[in-house]
Amino acid sequence: MRVLILGGDGYLGWPTAMSFAAKGHDVYVVDNYMRRNIAQATQSEALIPTPNLNDRANIFKSLSDCDIQVKIGDICDYRLLETVFKEFQPEAVIHYAEQPSAPYSMIGFDQARETLNNNLNATFNVIWAVMEHAPDCHIVKLGTMGEYGTPNIDIEEGWLEIEHKGRKDKFLYPRAAGSLYHTTKVLDTDLLWFYVRTFGLRVTDLMQGPVYGLSTDESDQDERLLPNFHYDDIFGTAVNRFLVQAVAGVPLTVYGKGGQIRGYLNLKDTLQCVELAMHSPAAKGELRILNQFTETFSINELADRVQRVGNQKGLNVEVKSIPNPRKEAEDHYYNPAHSGLMDLGLKPNYMTDEVVAQMLDNVIKHKDRIDESKIMPRIKWK
Ligand code: NAD
Ligand code: USQ
């Protein structure tokens, strides 16, 4: 298939591009280096340096003989996106190109506005480029489990049937995001739903939980092909941060009570999920929503796991609760459905002790590059 990957320099976009190219798809990636620029501006650089996108594509070509076409540009520039659509005529577009950090979106007005403008305009432009230039193209959009928040009832896959005063109808599941970033994902879903029901687009919105891991069939070939790995408070997710803290000898930073539960998945499973969604596209006029994670656990359970495996490696890992810089439930009910992707054929790679040990080994290799000043949270939800 002709697959357009937006955000192709990113943590998920780059491994997806390699994986699809290796499977024989025709792959075109677009990225404007927003993440690299924010990382530099906020002293949140990745642990392992990664070559720029053109260099990575050349390295991958030299090792695999697979082509990845690269365009450096901003998809909020509609003329640029239109040119790509006209030239490439994608059959599927995988839309990762957003500002993905909750803490960044909560720094202040400028960062909130930047996140809102970027994420909404990016999604709006993708919708219009598809409508005007490739109306049959399937949009696979990355949403987030954080759109639902942590309600005190079971979370369904995107939709909820409600009976009210004796009548029934189906609605988008109620959403209650915990950051401005997560709220932009809610707004994206509403935009997509409007254009799907009014203009008959085909869209899959993947409500993904936090992804962990660096290893994929392609990135394992050469360290220069690894995806980005951040451990700071802006781009580093709890998993990466705990791994680095364990290696650096810093007590694991559990925020508050640590009862925050999320639905996690291995990077290898993101690749599977996106591919499965792409190969069985949503129908015209369908907004298909799938919850994308393979297992749920709390921050305390994650910290215990990293501590146990780290100690087996002789790391002497400590865990310490620190005041929660975020406003979120620290002890809550969480039972989200997630059978849709399993029904499509997902074979989960769970976070076993062996997987944690491999991730720790990767960090240990780069121990000298850890900058401890990047570890403590700088941004508070006020
Ligand atoms: P990332 O920041 O590593 O990748 C996103 C890429 O998009 C970056 O390389 C960035 O430069 C690019 N980008 C952003 N705005 C752009 C624009 N206007 N034009 C062109 N390129 C642009 O983030 P990621 O972790 O790979 O996440 C990818 C997507 O998946 C995001 O939408 C994120 O919200 C979603 N998501 C990620 C996770 C996770 O755990 N990584 C979980 C759930 C959802
Ligand atoms: N947390 C800690 N200690 C830390 C860092 C985080 O206890 O040092 C806690 C947070 O308070 C939160 C939980 O861990 O309760 C998850 O935080 P995170 O930073 O690992 O992930 P989050 O901010 O939720 O965002 C990440 C990605 C985002 C994606 C989201 C999926 O950055 O792009 O949308 O995961 S989800 O969480 O399901 O919304």
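In the predicted model, helix H4 passes helix H6 in a right-handed crossing. The axes of H4, which spans residues 78-88, and of H6, which spans residues 109-133, come within 10 Å and cross at roughly 40 degrees; the two helices are therefore oblique to each other. On the H4 side, the contact is made by Tyr78, Leu81, Glu82, Phe85 and Lys86, which meet Asn125, Val126, Trp128, Ala129, Val130, Glu132 and His133 of H6. Sorted by class, the residues in this contact comprise 7 nonpolar, 2 polar and 3 charged.

Helix H4 also lies across strands S1, S2 and S3, and runs at about 175 degrees to S2. These strands belong to an open sheet of 7 strands, arranged in the order S3-S2-S1-S4-S5-S8-S12 with parallel pairing. Strand S3 (68-72) and strand S12 (286-292) form the edges, each pairing on one side only, and neighbouring strands of the sheet are turned against each other by 20 degrees on average, direction ignored. Within the sheet, S1 (residues 2-6) and S2 (residues 26-31) run parallel and are joined by 5 bridges, with leucine 6 standing opposite valine 30 in S2.

An antiparallel arrangement is found for strand S6 (residues 159-164) and strand S7 (residues 167-172), which pair over 6 bridges. Glutamate 161 stands opposite lysine 170 of S7. The two strands S6 and S7 form a hairpin with 2 residues between them, and lysine 165, located in the turn, has a positive phi of about 50 degrees.

Technical notes
Residues numbered from 1 in each chain as written. Chains lettered and ligands numbered in written order. Predicted model: local features only at pLDDT ≥ 70, side-chain atom pairs only at ≥ 80, totals over all residues. Heavy atoms only, no water. Axes fitted to C-alpha atoms, helices over the stretch in contact; angles between N-to-C directions. Helix = DSSP H or I, 4+ residues; strand = E, 2+ residues; numbered from the N terminus. Parallel < 35°, antiparallel > 145°, perpendicular 65-115°, else oblique. Left-handed = near helix turned anticlockwise from the far one by under 90°. Contact = heavy atoms within 4.5 Å. Nonpolar A, V, L, I, M, F, W, Y, C, P; charged D, E, K, R; others polar. Pairing = 2+ DSSP bridges.
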